[in-house]
Amino acid sequence: MSACTQLPVKPPIEEYTGYEVPPAPPKEEIEDEQPKISIIEILSSEAEKFSLKGNYQDALFAYNQALSQASEDEKPSLIFRIELVLSKTPTKEIEEFIDIKNIHIPRPLLLYWFGLNYALENNAVKSKEVLEIFLFQYPDHPYYSDAADLVDVIKKSLFNRDTIGCLLPLTGKYAVFGQRALSGVQLAIQELSKKYSREFKLIIKDTQANPDLAVEGVRQLHQKNVAGIIGPLLAVNQAGREAERLQIPIIALTQKSDFPLQGDYLFANFITPEMQVQTLGAYLFLKLGIKKVAILYPNEKYGKKYMELFWDIVDEYDGEVVGVEPYDGKKTDFAEPIQKLTGQFFPVPDFLKPEAVEPENNAALYEDQTIDLLQIAIESETQEENEEEKIQIDFDALFIPDSPSKVNLILPQLAFNDARGMYLIGTNLWHHKSLLKEAKGYNKHTIITDGFFDGSQNPVIVQFVKKFESLFDTKPKFLEAISYDTASMLFLTAMDETIDSRQTLKDSLQGKRIFEGVTGNTIFDKDGIAHRELFLMTIKKGKFVEINR
């Protein structure tokens, strides 16, 4: 610049030429007339170069810097260019970009294209997952309806109406129960495939009764696009949480009444204590007109639960509980609680009582009610002979919620103490052949409830028993029957042409369909809890006989 100042200055024109020479413009005006190149244009140009080279992440960084300096009028154009880059950016790079702090590119825009590009990469599961986050977090975004439409399409693509999953313990400690349940499901598939001339499929995952395997099984079945899942028998809460997260209908074979309340996609289909006392109560108080009852129960978890539920149902029907006595389930002598119920027990005076002995610590009969229902072992016990003594009792029915091994001891002792003539009320545990033999002569006037009766004359049940016995060379019990019904229920609902996604399958199961099965007519309420009227039985001529209501 210093050299430029030494050049000779051109002298001004002194002679008049006839034209007016305009004065030279100021230096500032000359500079203003030169075109400006803004920082926004420079950064945008660099971003376009990066994009052309396939370097989309650097292109986004350049546009991000431009956006940070742009005016409100310049931002729409930049957003448009950013979306062009995002449409070509791999999901892995968008995911890395989303996690960077203080980014000026709007997060909903990144999230939308993140989910959209997963779909373009044929990863429907991740696309649905990301877009549902977008829909939840940004309900007012202009792209909301587009994202919602895409999620609906993905849901339908993930729904294979002819395939269901199955979670059962097929190896390990509880394998025998898993195998029994599986036999019921297999018969259902065979019958439905034959009836509707289409191939129904079952994808089985062995849980080994392990919570981690149950959760992993849900994930794998989700990836296989099954319409829904049957099971598990155990680890239901862990599997249920994963099924709810993935929004896949799951019908667990559990009597845990709180399980379906943990999510919209969770269902439970089994015989429950509530079902049993409700069925018994309706028959005793409405059909038979009974007014007064007594309860004799084991002082353990199972007995206490049924005692409380039965007492509640008595109150519901305005009946009267005139006696409630617990007993020690480890003992074989039940004279004292029986005599207390019948009013014949006279306590020993304090001065004649022996020194107090520390009571035994009674473990709960059933740690997990679902498996306890299946695991009742038949014990052989000796019975003591007693002399009869006539008394008067003031109740019409006696409820004893216990296993056959204890009932077989209690019934003869009731007769010994002359507690006769009342109805003997039992849970499904009484439905066992040992009660026919070991308590023979003492099992009259029994009323037993259960979720399945293989001796029913119902044509549907007769055909089911016949087919099952022919295929597996054994008669089905409740576990086989409920598994058969659950599989049939899922497939028949999914077959409906109006059902096109897991969500519509779930909605259809919740309180809209009555399923007629071998375990009775079943309907799920809006919470996913199954409701059905159970079977009632009595004993006649040494056999269980269905009570017609």
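Let's start with Tyr143, which counts as partly exposed at 22% relative accessibility. Keep in mind that this is a predicted model.

How many aromatic pairs does the structure hold? There are 17. Tyr112 and Tyr143 make one of them, a tilted pair with 4.6 Å centre to centre and 35° between the planes. Tyr112 belongs to helix H6, residues 107-120, and Tyr143 to the loop between helix H7 (124-137) and helix H8 (144-157), so this contact ties together parts 31 residues apart in sequence.

Now please look over at Phe267 and Phe524, an edge-to-face pair at 5.2 Å centre to centre, with 75° between the planes. Here distant parts of the chain are linked: Phe267 sits in strand E5 (residues 266-268) and Phe524 in strand E12 (residues 520-524), 257 residues apart. Both Phe267 and Phe524 are buried.

Back to our tyrosines for a moment. Tyr112 and Tyr143 also join Trp113, Phe134 and Tyr138 in a cluster linked by ring pairs.

Let me finish with charge. Which residues form the negative surface patch? They are Glu308, Asp312, Asp315, Glu316 and Asp318. Asp318 is found in the loop that runs between helix H13 (301-316) and strand E7 (320-327). Is Asp318 buried or exposed? With 67% relative accessibility, Asp318 counts as exposed, because the cut-off for that is over 50%.

Thanks, everyone, and I'm happy to hear your thoughts!

How values were computed:
Residues numbered from 1 in each chain as written. Predicted model: local features only at pLDDT ≥ 70, side-chain atom pairs only at ≥ 80, totals over all residues. Heavy atoms only, no water. Patch = residues over 30% accessible without salt bridge, like charges linked within 9 Å, V, L, I, M, F, W, Y side chains within 5 Å. Areas by Shrake-Rupley, 256 points an atom, 1.4 Å probe, with all protein chains shown as cover. Salt bridge = Lys/Arg side-chain N within 4 Å of Asp/Glu carboxyl O. Lys, Arg positive; Asp, Glu negative; His and termini not counted. Charge placed at Lys NZ, Arg CZ, Asp CG, Glu CD. Helix = DSSP H or I, 4+ residues; strand = E, 2+ residues; numbered from the N terminus. Buried < 20%, exposed > 50% of the residue type's maximum accessible area, 1.4 Å probe, protein only. Phe/Tyr/Trp six-rings, centres within 6.5 Å; stacked < 30°, edge-to-face > 60°.
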